[in-house]
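Have the sequence and the 3D view open, and we'll stop at a few spots along the way.

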Amino acid sequence: MEYKIGVIAGDGIGPEIVAEARKVLDRVGSVYGHTFCYEEIQMGGCSIDATGVPLTDDAIAAAKASDAVLMGSIGGNTATSPWYQLPPDRRPEAGLLRLRKELNLFANLRPAYLYDELRAACPLRDEIIGDGFDMMIMRELTGGLYFGERKTENQNGVLTATDTLTYSETEIRRIAKRGFDIARKRRKKVTSVDKANVLDSSRLWRKIVEEVAADYPDVAYEHMLVDNCAMQLVKDPKQFDVILTENMFGDILSDEASMVTGSIGMLASASLNDTKFGLYEPSGGSAPDIAGKGIANPIATVLSAAMLLRYSLDLDAEADAVEAAVKQVLKEGFRTIDIMPQENAMGESGQAEVTQVGTAQMGDLICGHIGV
């Protein structure tokens, strides 16, 4: 089979980590008889430099013409980059917000899984980790505070900023259904996170989630306030299966979950619309401070490519092979610098000594375990 993949390498470490994900996809294609045709799409700072805007109409058209889009990272140093001297609607992240809206990518899936081989990188105590944790954060991606009306104005001589948080019943219902559908394929539990003790939008969120839950009697569900959820993620992360929440809360909680796993460089992400189309990207940022050094962790991008195979192309066996290859490389003790243990020695658990590798070598190692 032949598939057309849009590729947004982006800024910072983006081109480096995307190169390794493409390498893995090409290996999958060689082993399983597929052809992946890539179309380069500019977005973010590189697009600003080339066109003056973070996302062009042509780039949107190219994304829509693809079977799926694989993305690295966008943006730069907010304190020093000239991109952040521009108006907000012309900065790198504005391109991503527009792309999500144009492609109707309302459902963001961020799995947070603790590999047994990376227990030493987890900042939590062993008694909290237990036998590990495996959760999926379902974040609504095209509504809420990030897409509401905003303005800064002078009111009676005082500069005043306003950001509007709006959610409709339709927006809440469709992400809730997606969350319950995914829970049905996992451990059948949904934790709906809101701030219903304060916000009207959260009270509507809770009402609609309860209506949707009635159609899924086989799935257990609970409501949890967002501040409590933030605490529970570090107190008892294994209690969670699917965390269902709105845009801003999901943005914050998914980053917290990433660090509980040991490194944001390990977390994949998928943003889906109501078809098979999706945008796949690592959860981390562009990390301009390490760009070009060959030390960035490509695993999150590789695992995002595995999600692309699974959710957009229905290639489950191929996705399984990629995920198994990542586990095997970690089991053999290979690590990028961000997931290196503090003590590179045999521990009480009997885990073998680990070896630090760079970005490209990690990609090569993963490829070497696909199809063997």
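## A look inside the cavity

By class, the residues lining the largest cavity are 6 nonpolar, 2 polar and 2 charged. Keep in mind that this is a predicted model. The count of cavities of 30 Å³ or more comes to 1, and the largest cavity holds about 50 Å³ of space. Two elements give two or more residues to its lining: strand E8 (189–194) and helix H7 (200–213). The largest share, 3 residues, comes from H7. If you want to find the spot on screen, look for Leu165, Tyr167, Trp205 and Phe249, which are among the lining residues.

Next stop: a pair of strands. E6 and E7 run antiparallel and are joined by 6 bridges.

| Strand | Residues |
|---|---|
| E6 | 150–155 |
| E7 | 158–163 |

Is Ile48 buried or exposed? Its relative accessible area is 10%, which is under the 20% cut-off, so Ile48 counts as buried. Leaving out residues up to four places away in sequence, Ile48 touches several others, including Val53, Trp83, Leu86 and Arg90. Thr261, on the other hand, is 213 residues away from Ile48 along the chain, and their C-alpha atoms are separated by 34 Å.

Terms used: Residues are numbered from 1 along each chain as its sequence is written. This is a predicted model: local features need pLDDT of at least 70, side-chain atom pairs count only at pLDDT 80 or more; totals for chains, interfaces and linings use all residues. Side-chain values use heavy atoms; hydrogens and water are left out. Two strands pair if DSSP finds at least two bridges between them. Helices (H or I, at least four residues) and strands (E, at least two) are DSSP runs, numbered from the N terminus. Buried means under 20% relative accessible area, exposed over 50%, partly exposed in between (1.4 Å probe, protein chains only). Contact means heavy atoms within 4.5 Å. On a 1 Å grid over the protein atoms alone, a cavity is a set of points where a 1.4 Å probe fits but cannot get out, and a pocket is an open set with protein on both sides within 12 Å along at least five of seven lines; lining residues have an atom within 4 Å of a point. Grid points are joined across faces, edges and corners, and a volume is the space filled by probe spheres set on the points. Ala, Val, Leu, Ile, Met, Phe, Trp, Tyr, Cys and Pro count as nonpolar, Asp, Glu, Lys and Arg as charged, and the others, Gly among them, as polar.
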